[in-house]
Amino acid sequence: MKIQLLLQKDHKVTPLSFTVEKMVNAGFTGRDQEEVKHHLDELSAKGIDVPDSTPTLYPVIPSALTTETVIEVYGEETSGEIEYVLFVKDDKEIYVGIGSDHTDRKLEELDIPRAKQITPNLISPMVWELSDLLEHWDDLSMECSVKKGADTILYQKGGLGLLMSPSELMELISQKIKGPLNNIVIFSGTVKMETEDFVFADTFSGLLSDPTLNRSIEFSYAVKPMNYMK
């Protein structure tokens, strides 16, 4: 499938068509694996079946990828996660964006891989070239906020230096996937929540900031449970 992106470079924005053949969601990719273990313990306490080892990788149906600003979900217990996203055409042409691995938390308690398939992977259409970011990668940061009723809540916030770098992430995936990393979209895994528990919100908004080049990428989407049946 093809997705239409927008490449921002040198204060110019140009259309970019990207072919998606595979998509992988990475999980528990923090550089500090002791902190990851703490997060696993928190999830386990919520009844979620956590993996025996980390990081983890989940293949996701490419058609789950979307730039839509409104999504429909089955059930009331779904939430997003802020993640950086790699769009890998080949080993020379790689783009970076921001997105949300939106997940059905109820199904996640039973089967994480299947939970990844039932809800979309959201992205902003705006992307940057990875080559422009390598020298200051750890200075980039991402955050997200959610709206629940009248309340706006800071949900997640952290520097990209907290997570595996793009080269580390691609090396991990190349060891597990069949064939070269061509035409693949990779979701990075996420940073810790600022709240004590998941927020099943009405709206999710994300931000990727590059203070070195003085630019940012934003996106937002509304969540609509399919509750129209009696």
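Visitor: How many bridges join E6 to E17, and do they run parallel or antiparallel?
Guide: This is a predicted model. In E17, Lys224 is the bridge partner of Glu72. E6 and E17 are joined by four bridges, and the two strands run parallel.

Visitor: Which strands stand at the edges of the open sheet?
Guide: The open sheet has five strands, in the order E6-E17-E16-E13-E14, with mixed pairing. Each edge strand has a single partner strand, so one side of each is left without a neighbour in the sheet. The edge strands are E6 (70–73) and E14 (151–159).

Visitor: By what angle are neighbouring strands of this sheet turned against each other on average?
Guide: Look again at the order E6-E17-E16-E13-E14. Take neighbouring strands and ignore direction; the average turn is 20°.

Visitor: How many bridges join strand E16 to strand E17?
Guide: E16 covers residues 203–210, and E17 covers residues 215–225. Gly206 has Phe219 in E17 as its bridge partner. Ser209 stands opposite Ser216 in E17. The strands run antiparallel, and the number of bridges is eight.

Visitor: Which residue in the hairpin of E16 and E17 takes a positive phi?
Guide: Four residues lie between the two strands of this hairpin. One takes a positive phi near 55°, and that residue is Asn214.

Visitor: Is Asn121 buried or exposed?
Guide: Asn121 sits in strand E11 (residues 121–123). Leaving out residues up to four places away in sequence, Asn121 touches several others, including Met23, Val60, Leu65 and Phe187. The relative accessible area of Asn121 is 0%. Buried means under 20%, so Asn121 is buried.

Visitor: Which residue's side chain joins that of Asn121 in a polar contact of 2.8 Å?
Guide: Not counting residues up to four places away in sequence, the residues touched by Asn121 include Asn25, Ser100 and Asp101. The polar contact of 2.8 Å runs from side chain to side chain, and the partner is Asn25.

Visitor: Why does Glu81 count as buried?
Guide: Glu81 lies in the loop between strand E7 (78–79) and strand E8 (82–88). The cut-off for buried is under 20% relative accessible area. Glu81 counts as buried because its relative accessibility is 15%.

Visitor: With which side chain does the side chain of Glu81 make a polar contact?
Guide: Setting aside residues up to four places away in sequence, Glu81 touches, among others, Gly99, Gln156, Thr190 and Phe204. The polar contact, at 3.2 Å, is with the side chain of Arg105.

Visitor: How many Å apart in space are Met193 and Gly47?
Guide: Met193 is in the loop between strand E15 (184–187) and E16. Not counting residues up to four places away in sequence, Met193 touches Tyr155, Gln156 and Phe198. Met193 and Gly47 are 146 residues apart in sequence. From C-alpha to C-alpha, the distance is 17 Å.

Visitor: What radius of gyration does the protein have?
Guide: The protein has four helices and 17 strands. Its C-alpha atoms fill a box of roughly 50 × 35 × 35 Å along the principal axes. A compact globule with 230 residues would have a radius of gyration near 17 Å. The protein agrees with that, so the value is 17 Å.

Visitor: What percentage of the contacts between residues at least 6 apart in sequence join residues at least 24 apart?
Guide: Of the 230 residues, 48% count as buried. Now take the contacts between residues at least 6 apart in sequence; the share that joins residues at least 24 apart is 73%.

Note on methods
Residues are numbered from 1 along each chain as its sequence is written. This is a predicted model: local features need pLDDT of at least 70, side-chain atom pairs count only at pLDDT 80 or more; totals for chains, interfaces and linings use all residues. Side-chain values use heavy atoms; hydrogens and water are left out. Buried means under 20% relative accessible area, exposed over 50%, partly exposed in between (1.4 Å probe, protein chains only). A polar contact is a pair of N or O atoms within 3.5 Å; within protein, one must be able to donate a hydrogen and the other to accept it, and residues adjacent in sequence count only if both atoms are side-chain atoms. Contact means heavy atoms within 4.5 Å. Two strands pair if DSSP finds at least two bridges between them. Axes are lines fitted to C-alpha atoms, for helices over the stretch in contact, and angles run from 0 to 180 degrees between N-to-C directions. The radius of gyration is taken over C-alpha atoms; the globule rule is 2.2 Å times the number of residues to the power 0.38.
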